[in-house]
Amino acid sequence: MLLSADLSPDDKKLLESIRERKVQLLEEIQQLKDEIAEVTNEIEQMDDGSEDSKNNPKTKQISIGKKKFNMDPKKGIEYLIQHVLLQETPEDVARFLHQGEGLNKTAIGDYLGEKSDFNIAVLKAFVNLHEFSDMILVQALRQFLWSFRLPGEAQKIDRMMECFAERYCELNPGVFTSSDTCYVLSFAIIMLNTSLHNPSVKDKPTVERFIIMNRGINDGGDLPPELLNSLYDSIKKEPFKIPEDDGNDLMHTFFNPDKEGWLWKQGGRYRSWKRRWFILNDNCLYYFQFTTDKEPKGIIPLENIQVRVSTDKSKSHCFELFAQQGEIIKACKVDKEGKVVEGKHNVYKMSAATAEEKDEWIKCIKRHKLMEGSLQVVSIFDVKRDVQQRIVVDEPFRRDAVSHSMDTSLSQELQAAFCEDLQWKKKS
């Protein structure tokens, strides 16, 4: 055994470094164990683990309805109403949106902003679910803007902020002389948030400028300077937080899959085999490089797809997915450069570890084909592209009655930055 006295100074230094790194690794391992235990506990609370709950048709229909909503809000609500999972009342739909679990916050905002009579009634019911009593305006705005994401169209935002202002004034009588004052000041606060915290805006407004900008908005009178000072300080210290998008995260799909496990998948161009972790749910096959990945490497929709036993010279226990009439399967994957590309397969060949596993996969896939109301596939990648390509505001936000307070204060630079904020780009 080598004693430390026999080591050179460089060796001793290296040994000490290794020991320190060992301690760090052990701490990191323990931290990971704690995090895994916490996540496991959360999953157990979300799912009672019973087979009846997992295979409950109502649970499946709710999951499908939420995903339909995230792709097309109107169709999602229609689906849930048709399957008697929602009542066709503004109050029931509003409660569903307000609870929001698994729903895309951008889709919620788009639905609430629509101008049909029913959607406007849902918006009012949704706003009435918020409790703004005894809150300063900034606090109320923070709560309200956390429950959805502002859409990009000025008219939609106008309707939302009008409902917000009416609700705030109803719960806080005497704070403002009218809801119009609250409406204009709310927009001023949102614009202030953009101008103070968006790096694209070089000319940062001072509190004096913010006070000047809001002169005369209180039915021709001025708001108390101490009120505007406190609003300015609140936004300067803490910007509005952007809500995370539950519906864009496919983890809700992966918590309770119908089937999951390792399979070998044959590639298309080179016919090489790669081991992938597969998850079957919502009429789609998702595959990952590792079980810990949050987003799939690829998605294979099962719409109009058949499954059959197959053979291969190099692999056993094979089966394959194939499109009817030899058509290309409408799948997508991430290439080596991280770009989303469409698959060009008309057949996907898989290999299981055992004959029993192969038969179980075939059985589960066939059962999915019999499910009523299969979901039109839209991948997480399509959702992200849609968000990135969203059309943003193309005009300043204002009403003719109060335009003097907003129109003179919005520089082109600030308008552009606000439009950028409305795209809700995630910072790297």
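**A note on side-chain contacts in this predicted model**

1. R167 is a buried residue, its relative accessible area being 11%, and that value falls below the cut-off of 20% under which a residue is called buried. The model is a predicted one. R167 forms a salt bridge with E170, with the closest N and O atoms 3.9 Å apart, and since the two residues lie 3 residues apart in helix 9, about one helical turn separates them.

2. The structure holds 9 salt bridges, and another of them is formed by the side chains of K156 and E114, which meet at 2.9 Å, N to O. K156 belongs to helix 9, whereas E114 is found in the loop between helix 6 (105–113) and helix 7 (117–128), so this pair ties together parts of the chain that are 42 residues apart in sequence. K156 counts as buried at 10% relative accessibility, while E114, at 35%, counts as partly exposed.

3. A further salt bridge brings together the side chains of K358 and D359, at 3.9 Å from N to O. K358 is buried, with a relative accessible area of 14%, and D359 is partly exposed, with a relative accessible area of 43%. Elsewhere, salt bridges that share partners join D110, E114 and K156 into one network.

4. Turning to the aromatic residues, the structure holds 12 aromatic pairs. One of them is formed by F144 and F164, which are stacked, at 5.1 Å centre to centre and with 25° between the planes. This pair links distant parts of the chain, with F144 in helix 8 (residues 137–146) and F164 in helix 9 (residues 154–171), 20 residues apart. F144 counts as buried at 0% relative accessibility, and F164 is likewise buried, its relative accessible area being 0%.

5. In the pair of F210 and Y232, the ring centres are 6.2 Å apart and the planes stand at 45°, so the pair is described as tilted. This pair, too, links distant parts of the chain, F210 lying in helix 11 (residues 207–213) and Y232 in helix 12 (residues 225–237), 22 residues apart. Both F210 and Y232 are buried.

6. A reader tracing the aromatic residues may also look for the one cluster formed by F126, F132, F144, F148, F164, Y168 and F176, which includes the stacked residues F144 and F164.

7. For helix 3 (residues 57–71), the length can be checked against expectation: at 1.5 Å a residue, its 15 residues should span 21 Å, and the end C-alpha atoms are 21 Å apart, which agrees. Within helix 3, the buried residues include K60, I64, G65, K67, F69 and N70.

8. Finally, the surface carries a nonpolar patch of about 260 Å², made by L25, L26 and I29. L26 lies in helix 1 (residues 9–46), and L26 is exposed, because its relative accessible area is 51% and the cut-off for exposed residues is over 50%.

How values were computed: Residues are numbered from 1 along each chain as its sequence is written. This is a predicted model: local features need pLDDT of at least 70, side-chain atom pairs count only at pLDDT 80 or more; totals for chains, interfaces and linings use all residues. Side-chain values use heavy atoms; hydrogens and water are left out. Helices (H or I, at least four residues) and strands (E, at least two) are DSSP runs, numbered from the N terminus. The expected span of a helix is 1.5 Å times one less than its number of residues. Buried means under 20% relative accessible area, exposed over 50%, partly exposed in between (1.4 Å probe, protein chains only). Patches are made of residues with over 30% relative accessible area and no salt bridge: like charges are joined within 9 Å, nonpolar side chains (Val, Leu, Ile, Met, Phe, Trp, Tyr) within 5 Å. Accessible areas come from the Shrake-Rupley method with a 1.4 Å probe; for residues, only the protein chains shown count as cover. A salt bridge is a side-chain nitrogen of Lys or Arg within 4 Å of a carboxyl oxygen of Asp or Glu. Rings of Phe, Tyr and Trp (its six-membered ring) pair if their centres lie within 6.5 Å; planes under 30 degrees apart count as stacked, over 60 as edge-to-face and the rest as tilted.
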